[in-house]
Amino acid sequence: MFKILDAQFIAPGIKRFVLEAPRIARKQRAGQFVIIRVNATGERIPLTIERSDPEKGTVNLVVQSIGKTTHLFNSLETGDSILDIVGPLGKPSEIENFGTVVIMGGGVGTAMAYPTAAALKRAGNRVITIIGGRNKDLVILEAEMREVSDTVFVTTDDGSYSDKGLVTDKLRQLIENGTRIDLVLAVGPIPMMRAVAEMTRKERIKTIVSLNPIMIDGTGMCGGCRVLVEGKSEFACVDGPEFDAHRVDFAVLVQRNAMYREAEKLSLEEYKREEYKREECKWEECKREVEEKNTMAPPQAEVVGALGEKK
Amino acid sequence: MSTPPTSKTPPKKSSNPLPNKERIKLPRQHMPERAAQVRNKQFTEVNLGYSEELARQEALRCIECAKPSCTKDCPVGVKVKDFVQLIVDGDFLGAAAKIREDNVLPAITGRVCPQEDHCEGACLLCNKGESLGIGYLERFVADYERQHFDLKNIKRATSTGKKVAIVGSGPSGLTAAGDLVARGHQVHVFEALHEIGGVLVYGIPEFRLPKSIIREQVDYMRAMGVEFETDVVVGRTVTIDELMGEEGYDAVFIGTGAGLPQFMGIPGEHLNGVYSANEFLTRINLMHAYEFPKFDEPMVDFRGKNVAVIGGGNTALDAIRSALRLGAGKAFILYRRSEAEMPARIEEIKHAKEEGVEFQVLAAPLEFLDDGKGWLRAARCQKMELGEPDSSGRRRPIPIAGSEYEIPLAVAIMAIGTTANPIIRMTTPGLETTKKGYIQADETTQRTSRRGVFAGGDIVTGGATVILAMGAGRRAAKSIHEFLCSGEWK
């Protein structure tokens, strides 16, 4: 059991958890991830480590409600626990002084990009950060990114905050303005990473993406997370999660991530139905309590049969 | 320094009333099992186990060789003759204690060990008919112990004050842990997954080895004093150097298993519907995907579909028999050699056939074909014939030109072996490995190139069996004990 020391929504449907996991906190490096299992019937899913505190023995996870497991996780509060967290998994990001790096975070991907941005800044790079979201509320970690970046650009799809457009529009502007870029790191939805890769390929700018395929054990054992890299299978959990964006077959990644779409939909619908039922029960209970109070009737003893079952 | 506990039963004369010439006439007692057409729809255990009467009947067949080759051929050296005699006596707990002197996982080996390659293959009764049912007897005794032995009666060994870390809770790690704790060392087992048992849990299906049995055997080890910690990937969460340094372990045993699943490198292996056997079995066994949506881990819908497993080992058979239980319409084994070369246990092949698995031997896929939406539609295969023996001693399959054919498939599961997991290799400086990435360890002492670090099981040998890994764990425990006593690393 791993205790949740703090849980706060940082955007609609996106929650930051501080978990007690001293072993992981001690070892975590930028670019690595964890696998969690919420409860005994739960699945194992990989999640981003936003940062860790080796002294306090804590790791921060940023979780976006997408499927059942993330919804379930995000229903947990401070003081709750999850059953399993294992890591840090994957190879750490390659950190050196590249010169000027552009860090691109799309949605919750920003949380994964953040520790690498911080490490690259510490290594002496000039860090230009572009983060984006569908709207103002979904732009996360802007303040944190500002602390570790020389320049931060923010884009929103609907223009509700900062520049209207996509993070790739900003990247194009930078390239067109003749900004010297030595490295791009892009973490976000697959279409965004693919668009970045296409854009920088032409410019021959080294580009790294952090991939998040379906995964079970996270130690190389199952091979479920295999991605096609220049026609060869590589495992995101041991060979990645970061890959050279220009060598990744994004179409296969999209296709493989859709493998369980129907089951995932079913799981989520079932979860939401149950959640609705739970809420309804709470409401009923509430109503009953009020009614009981109002009538002030003495509590009725339950009739119990010989075997103890309620009649 | 204490030695492992020994049974208090003194050696004695045989109580078997039958003369040898009568014993060899007795037929082997069959294992009662669930009917094939019932069991192929459910994950409950196939074999039902001997009754006390059947066990005693079978035990009477043992001819009590002066130099028993069954024990000699057992990788952990179970004293078969002695425990079988205790069954004849009706002292089933005594028999269990006798097995436990050499084997800490009797309920597991009694179920999954390929006895025909070891004890039963060496049994002299083979010359006269069928071997003694040693595996069945072991299983009986272990199950009797599970039901009748109170864990409170376990006596812990006197502490030596030495600490040993075991990396991986599969068969080699558990065996090493059991032998070391019996010698009084403090033993801490690290497991990367959320359940103890390694391949026993994620690899072997419920119908062959129920999870409850693994849990009970692990509880027995807990009662012996072994500590377990899940969710630790040694190499990532903590390194071997940190274990030997700040965590204060006097020795480390690495038994992490083989690891990475191999693929054939043929076109279409990335299609949806193509699995590694490890992933497929992990979803089923560790994650209970066959109980979706009660359990959250999903599985592709197998109902009424054609499913093929590529390979001929125990893993291949576990996978295809699981596929049947998920409702596969047709279930094939595609194996490039002939049935005689299959590495699977004979009992598994027999069970699979009874359950309706179709064996397409001397055939291999050349390519997986797409349905246009990223899902598997069919496999283009090629027929093979057998040529001269290769380095494995088995006859080499040679493709027959012009023999290509297509089979419609919705799911293909690759069970063609594994390669070494790189995590420990990458994170342990000075640990020598082979060209293929397996850890180099001495064959008798299991010592690696690093002082105080031992290794055994599939991470040293490549994919093998539960019992061979247990043998390595046993040798390692002996040699770790010697190292801890003498402090010498020659």
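Figure 1. A:Asp84 and A:Arg37 form a salt bridge, with their closest N and O atoms 2.8 Å apart. A salt bridge is a side-chain nitrogen of Lys or Arg within 4 Å of a carboxyl oxygen of Asp or Glu. A:Asp84 lies in strand β7 (residues 84-89) of chain A and A:Arg37 in strand β3 (residues 33-37) of chain A, so the pair ties together parts that are 47 residues apart in sequence. Helices (H or I, at least four residues) and strands (E, at least two) are DSSP runs, numbered from the N terminus. Both A:Asp84 and A:Arg37 are buried. Buried means under 20% relative accessible area, exposed over 50%, partly exposed in between (1.4 Å probe, protein chains only). The model is predicted: local features need pLDDT of at least 70, side-chain atom pairs count only at pLDDT 80 or more, and totals for chains, interfaces and linings use all residues. Residues are numbered from 1 along each chain as its sequence is written, chains are lettered from A and ligands numbered from 1 in the order in which they are written, and side-chain values use heavy atoms, with hydrogens and water left out.

**Figure 2. Salt bridges within chain B.** Over all chains, the whole structure holds 62 salt bridges. B:Arg23 pairs with B:Glu64, the closest N and O atoms being 2.7 Å apart. This pair links distant parts of the chain: B:Arg23 sits in helix α1 (residues 20-23) of chain B, and B:Glu64 in the loop between α3 and α4 (69-72) of chain B, 41 residues apart. B:Arg23 counts as buried, at 6% relative accessibility. In another salt bridge, B:Glu347 meets B:Arg345 with the closest N and O atoms 3.5 Å apart. B:Glu347 and B:Arg345 are both buried. A network of salt bridges includes these two, along with B:Glu33, B:Arg39 and B:Asp318 among others.

Figure 3. The whole structure has 14 aromatic pairs over all chains. Rings of Phe, Tyr and Trp (its six-membered ring) pair if their centres lie within 6.5 Å; planes under 30 degrees apart count as stacked, over 60 as edge-to-face and the rest as tilted. The ring centres of B:Phe43 and B:Phe207 are 6.2 Å apart and the planes stand at 50°, so this pair is tilted. B:Phe43 lies in the loop between α2 (36-39) and α3 (52-59) of chain B, and B:Phe207 in the loop between α11 (199-202) and α12 (211-224) of chain B, so the pair ties together parts that are 164 residues apart in sequence. Both B:Phe43 and B:Phe207 are buried. Ring pairs join B:Phe43, B:Phe207 and B:Tyr290 in a cluster.

**Figure 4. The interface between chain B and chain A.** In contact (heavy atoms within 4.5 Å) are 44 residues of chain B and 44 residues of chain A. The area buried between the chains is about 3900 Å², with 57% from carbon and sulfur atoms. Buried area is the accessible area (1.4 Å probe) that two parts lose on being put together, summed over both. B:Arg236, B:His270 and B:Asp296 supply 19% of the area that chain B buries against chain A, more than any other three residues.

**Figure 5. A salt bridge across the interface.** Four salt bridges run between chain B and chain A. In one of them, the side chains of A:Arg23 and B:Glu229 meet at 2.9 Å, N to O. On the side of chain B that touches chain A, α14(B) gives the largest share, four residues.
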